[in-house]
Amino acid sequence: MSIIPDITAVGSMALDTVTTHYGTHENCLGGSAVYFSMSASFQAKVGLIGVVGDDFPKEHTELLKEHGIDLEGLEVVKGAKTFRWSGSYLNDVNAADTHCTMLNVFATFEPKIPENYKKAKTLFLANILPSLQMKVIEQMPDSYKVCDTMNFYINSARDELEKVFEKVNVIVMNDGEAKMFTDCPNLIAAGKKIMERFSPEYLLLKKGEHGSLVFGRNGFMKAVPAFPTERVIDPTGAGDSFAGGVLGFIARNGRLNDENVTEAVRYGTAMGSFLVTAFSIDAFRHLTLEKIEERVEALRFLSK
Ligand code: AMP
């Protein structure tokens with residue numbers, strides 16, 4: 001009998017090859033759903049919907065299970081290859097240069113949601129084709145929905161992405177994506193344009209090492225600083241880990257409102273700041289909720 005997760009999440013499961021100033025790591029565990037679930041798992045029970053080929057190492061699924069992530073929604077396709085992505089951060093630590101995206105098993109993926117996952121209060125739509133995000137939204141119409149996206153889908157699937165944005169409660173994006181999506185060189189103008197066009201309850205704009213901006217309805221706006229991190233070893237997955245912290249907070253404290261959204265973003269910021277200190281998800285292997293709380297306290301102190 002499967003569990004009812006706090007959060008149902010759909011997104012990519014990947015084998016990544018990543019180059020940063022600290023070296024190259026080949027075929028390491030990655031994917032938006034992986035980073036998100038690992039990050040959220042410190043605060044909430046996550047049910048993961050995704051797909052891999054039978055080349056996906058067992059040790060990776062074991063690691064996810066060790067973190068209490070439910071994998072009933074994970075499909076393993078025999079004879080198929082897992083999604084692969086490769087990129088580097090040699091020019092800009094805040095923005096990946098994508099070298100290669102191989103959809104593989106992802107190209108024909110039809111998300112199947114276990115019945116109990118549909119009862120989750122919160123849904124996270126991590127990076128995956130917007131048409132697939134929409135299929136999940138349609139099956140969980142009453143959930144509290146948060147979505148993320150990236151340049152790849154802004155360029156290749158804009159119409160479907162706009163339909164997703166119309167349906168969700170919260171949109172998460174990074175600064176470059178927001179500027180690209182709106183064709184606005186100014187981030188504040190870009191944020192306002194997205195709020196006017198889609199009117200989500202909140203828009204969370206991440207600015208990498210420069211923190212985040214929160215936009216709400218009726219002109220609500222807040223800035224949340226980043227945690228000062230000197231050694232950024234691998235930023236891959238920082239955005240998804242940020243979302244994991246925010247949704248973990250929501251799972252424990254309820255929906256976002258003008259009073260709690262800054263604190264939720266601090267949890268996201270804390271998770272991103274841990275993640276970037278090692279390749280792949282390695283920084284999460286031995287992390288504890290206690291260390292996360294300490295970092296959130298440090299972030300509160302920073303903006304006093
Ligand atoms: P982030 O750095 O938070 O934007 O996420 C990085 C993760 O996104 C990597 O682990 C990649 O495997 C994954 N990724 C890269 N391109 C795509 C794509 N087109 N669709 C879904 N996931 C992707």
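Guide: What follows describes the surroundings of the ligand, then a strand pair that takes part, and then a separate pocket. Keep in mind that the model is predicted.

The shell around the ligand holds 17 residues. Asp16, Gly31, Tyr153, Gly237 and Asp240 are the closest of them.

At least two residues each come from strand 2 (14-20), strand 6 (83-88), helix 4 (151-156) and helix 8 (238-253). Helix 8 gives the largest share, with three residues.

Some contacts can be described atom by atom. A polar backbone atom of Gly237 is 2.7 Å from an oxygen atom of the ligand. For Gly239, a polar backbone atom again faces a ligand oxygen, at a distance of 3.2 Å. With Asp240 the side chain takes part: one of its polar atoms lies 2.8 Å from an oxygen atom of the ligand. On its own, the ligand has 500 Å² of accessible area, and the protein covers 91% of that.

Now return to Asp16, one of the closest residues. Its bridge partner in strand 3 is Cys28. Strand 3 covers residues 23-30 and pairs with strand 2 in the antiparallel sense, over six bridges. The link between strand 2 and strand 3 is a hairpin of two residues. In general, side chains in a regular strand alternate between the two faces of the sheet.

Finally, there is the second largest pocket, with about 160 Å³ of space. Its lining includes Ile4, Pro5 and Asp6, the run Lys119, Ala120, Lys121 and Thr122, and also Tyr144. Ile250, Ala251, Gly254 and Arg255 line this pocket too.

Key
Residues are numbered from 1 along each chain as its sequence is written. This is a predicted model: local features need pLDDT of at least 70, side-chain atom pairs count only at pLDDT 80 or more; totals for chains, interfaces and linings use all residues. Side-chain values use heavy atoms; hydrogens and water are left out. On a 1 Å grid over the protein atoms alone, a cavity is a set of points where a 1.4 Å probe fits but cannot get out, and a pocket is an open set with protein on both sides within 12 Å along at least five of seven lines; lining residues have an atom within 4 Å of a point. Grid points are joined across faces, edges and corners, and a volume is the space filled by probe spheres set on the points. A residue is near a molecule or strand if one of its heavy atoms lies within 4 Å of it. A polar contact is a pair of N or O atoms within 3.5 Å; within protein, one must be able to donate a hydrogen and the other to accept it, and residues adjacent in sequence count only if both atoms are side-chain atoms. Accessible areas come from the Shrake-Rupley method with a 1.4 Å probe; for residues, only the protein chains shown count as cover. Helices (H or I, at least four residues) and strands (E, at least two) are DSSP runs, numbered from the N terminus. Two strands pair if DSSP finds at least two bridges between them.
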